[in-house]
Amino acid sequence: MSDRILGAVCVAVGAGMAWAARSYVAPISYEPVGPSSFPMLLAGLMAGVGAWMVVKPGPQAFGLARDHVKPFLMSVVAVFIYAGLFESLGFTLATTVMAVPVGMAFGGGWKKSLAGGICIGLVLYLLFDKLLDVVLPTGVLSFIFGGR
């Protein structure tokens, strides 16, 4: 039952995030997607997963059993470290650094986690920075990507 309550809370928080993000407007529009796009995407994702948790049958709607607590906590710590290193290391390298412990926490070897982290960092950088024109920090790799 607690999974369903958590799901309902996620739906409510997602709706609140969407309500708050609808009015985000940049004073100078320099990106085609605008400042409200990412929070709206996260709000929709959170509400969708929350709704799934509410309606999915079974006692463990999201599968957070005791053996998943340690990987979950490691992932949370990795995300906070990611936030701290984002500007100085840059998007690509910080994403790689975050993906390695998260991948290993969920059973991946360090080589596969590193390869996955590098691929995720590069593909997302190219997608956001080059295709969608969202400015991302390059950090210590500015000599490769062009300094920002």
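**View 1. Tyr82, Phe86 and Phe91 form one aromatic cluster.** This is a predicted model: local features need pLDDT of at least 70, side-chain atom pairs count only at pLDDT 80 or more, and totals for chains, interfaces and linings use all residues. Residues are numbered from 1 along each chain as its sequence is written, and side-chain values use heavy atoms, with hydrogens and water left out. Rings of Phe, Tyr and Trp (its six-membered ring) pair if their centres lie within 6.5 Å; planes under 30 degrees apart count as stacked, over 60 as edge-to-face and the rest as tilted. The count comes to 2 aromatic pairs. Tyr82 and Phe86 pair edge-to-face, at 5.7 Å centre to centre with 70 degrees between the planes. These two residues are 4 apart in helix H3 (residues 69-89), so about one helical turn separates them. Helices are DSSP runs (H or I, at least four residues), numbered from the N terminus. Phe86 and Phe91 are also edge-to-face, at 6.0 Å and 90 degrees. Tyr82 is buried at 17% relative accessibility, and Phe91 is buried at 8%. Buried means under 20% relative accessible area, exposed over 50%, and partly exposed in between (1.4 Å probe, protein chains only).

**View 2. Thr95 lies in helix H4 (residues 91-105).** Thr95 is buried, with a relative accessible area of 4%. Its side chain makes a polar contact of 3.1 Å with that of Tyr82. A polar contact is a pair of N or O atoms within 3.5 Å; within protein, one must be able to donate a hydrogen and the other to accept it, and residues adjacent in sequence count only if both atoms are side-chain atoms. Leaving aside residues up to four places away in sequence, Thr95 touches Tyr82, Ile120 and Gly121. Contact means heavy atoms within 4.5 Å.

**View 3. Helix H5 (residues 110-131) has 22 residues.** From first C-alpha to last, H5 reaches 30 Å, close to the 32 Å expected at 1.5 Å a residue. The expected span is 1.5 Å times one less than the number of residues. Ser113, Gly117, Gly121, Tyr125 and Asp129 are buried. Down the axis of H5, its buried residues fall within an arc of 90 degrees (taken from the directions from the helix axis to the C-beta atoms), so they line one face. The face turned away from the buried side carries exposed Lys111, Lys112, Val123 and Leu131. Asp133 follows H5, with a positive phi near 60 degrees.
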